[in-house]
Structure formats: structure tokens, C-alpha cells
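Subject: Structure for you to look over

Hello,

Please find the structure below, with the sequence. My notes on it follow.

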Amino acid sequence: MKKFYKLFVSIVLSLLLVFFLGEVVLRIQSKTDSEEIRYKKIHCLYGLSDIRLCPNVKDQFTRNDGKTWDIQTNVLGERIISEKSETANLWLIGDSMAMGYGLPSKETQAYYLKSKYNLETRVIAVDAIGTNGILKLLKETLASTKKEDHPKQIYWIWNPSDFIDDTVEKTGLKHFLYPIHFSLTRISYLYRYLLPSPPTNVYTSYGDPILYPQNHITYNNLKKFFTDPSLPQSKISVLFSWGMSREGIPDTKDPNYTLAKTFFQIQGVKTIDLRQRTEGLFKEQKQVYIPNDGHPGPALAELFADAIAKAFLNLP
């Protein structure tokens, strides 16, 4: 028994030494964190598996095309365009597209809504949280906000990335182990080397788009979202446009937008379809997408803002 115990201890100590040396070597080689890791570090874990932007962030990052973009959050971890706090009658919900991933503050939807229409916008959005994540975040925000400060209208910038994000939702044992994984991906170079995470916030279509069936988990999650009695369903509108294909052009071959639009309409959800206007912007050689990325560029962000303002203010 003693021999087995000594063997076990020696194996454990040897592994720890190997891991320690590997961590040291990788840290020396890496010198500084990549932009992707730096960006991950401005996200905080709430509970066991809910990832949100950390509160009081003020940082900037470099995109794949070499352009820098800044991001600032308030005490609640919501992206803001200035430190001045005002009540917002308009809420923007969703994932990275609504949050304005990759866009400088002065090129986001919230900025255009303020600068062009004097509309204060509260951005309730976090990248890659999926349909259930958006639902949970919206419900928590409504519950923690005074009734008199609730929005007059809520706009959801939707895109088919939820078909992917919803399939990787953390359930079962993963739900309980995730805090360990979350911490290790941020502090351990060796862990990231051995278990590299898939690229985040990649919404460019590779190959022919897949038509997701109506029994896909995302449609089930959307039904739950639009039948939740705690949400002000009459105030919610869904906006969408074309995503970017791998050729860098509007992905007009993606059939999921048309199918999803029909689904939203059956559910009685107000929709704002900007696909045709997006094609027009692209033909005018506007920066519709962030190069080598696929997220909305300043032209598409402004188009979203214009459409939201038109609906909110009942403009012709």
C-alpha cells in the first residue's frame, strides 16, 4: 500500500512539475496576451455559466484589419458611449451585433441614435450568449429596473449565429465545471495551448449556408422567448439584415433569414427586414461589414439605427 501511495505521489508531483515548466515556457514565448485573450478578460462570470461584460471597463482593441476600437461599460456591465447617465426609453438587445463588437463607440448603433436623433439607448447585449442567454439577461434587467424606467420599445438585432450559439449551451455536468474552464482560459497559457477555444464572434459563412429545420433548438428557444408572459411582447421588434459571406459580400444565399422571418410573423412579432437596403449600401461601396470579420461595419450600424429611429419616432 505504501509503495502504491509513493508511486501515486511521485506521478502527481511529476505531472505538476511538467505543467509548471510548460506554463513558464509558454509565458516566456508569448510575452503578451493576444487580442482575443485580452478581449475575453473584459468578460465576467455571473453564477455558474452566465458570461457578461465586466462592469466599469474602459479598454481598446485592435481588429484583424488593423483598426482600433474602444469599449466602455457602466457599473452594470452594459456598453455605453459616454459616462453621462440618462434614462433610456429605447432598449437594444441581442448578441455581439447589437453590442457593436469591433466598432469604435462613435460608430455604434447607440451613438448614431443619440447623435442623429437624440435618442438615449440602453444596450442590453453580450456576445455569443444565445437565445436563452438574451432572454435571461432581458428578464433580469427588467426585474432590476424601476417600472417607471422600463423601455417604451425594445429592438432585437437578430442573426442566424444563434443557431450555433444555442447548440453549445452549457447543461448538465458542463454547467458545473464551466467556472473552472472559464478561469483557466484566462490565466493559464498551457491550458489554452492544450485546449484551444474556437474563434469567438465569427459570423462569416464558410461554404454553402445550412438551412436549419424548424425543430432546431433555436426555434424552440425563440418560441419560449416570444411566449414568456413576463416580457412586454408588444414592445419587442426584431431587425435583421444579410450576414457576410466568405467572399466578403452580403450572404444572399442564406435561406435562414426568410424562414426565420416567416417564423417571427407567425409568432406575431414585428419585424424590420433590412436585407434589400443592405445590398444597396454594398453596391454603393459603403463599409457594410468589418473586413475579415463579418460583423456590421459603420454603414450597417447606421442603417440599423436609422430603421430603429424611424420605427420608434413613427417617421415616414
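Predicted model: local features only at pLDDT ≥ 70, side-chain atom pairs only at ≥ 80, totals over all residues.

Helix 12 itself has 15 residues. From first C-alpha to last, helix 12 reaches 21 Å, close to the 21 Å expected at 1.5 Å a residue. Of its 15 residues, 11 are buried, so helix 12 is largely enclosed by the rest of the structure. Among the buried ones are Leu 300, Leu 303, Phe 304, Ile 308 and Phe 312; Pro 298 is buried as well.

The largest nonpolar core has 70 residues. Its largest share, 10 residues, comes from helix 12. The residues with the most contacts inside this core are Trp 156, Trp 158, Phe 225, Phe 226 and Phe 264. Leaving aside residues up to four places away in sequence, Trp 158 touches Phe 163, Leu 222, Val 238, Leu 239, Phe 240, Tyr 257, Ala 260 and Phe 264.

Then the second largest pocket. Its volume is about 650 Å³, and 29 residues line it. Nearest its centre lie Asn 74, Ile 80, Lys 84, Ser 85 and Glu 86. Strand 5 (90–94), helix 3 (96–99), helix 4 (109–117) and strand 6 (121–125) are the elements that give two or more residues to this lining. By type, the lining divides into 12 nonpolar, 8 polar and 9 charged residues.

Regards

Note on methods. Residues numbered from 1 in each chain as written. Heavy atoms only, no water. Core = buried A, V, L, I, M, F, W, Y, C linked by side-chain atoms within 4.5 Å. Buried < 20%, exposed > 50% of the residue type's maximum accessible area, 1.4 Å probe, protein only. Helix = DSSP H or I, 4+ residues; strand = E, 2+ residues; numbered from the N terminus. Contact = heavy atoms within 4.5 Å. Expected span 1.5 Å × (residues − 1). 1 Å grid on protein atoms, 1.4 Å probe; cavity = no way out; pocket = protein on both sides within 12 Å on 5 of 7 lines; lining within 4 Å. Points joined across faces, edges and corners; volume = space filled by probe spheres on them. Nonpolar A, V, L, I, M, F, W, Y, C, P; charged D, E, K, R; others polar.
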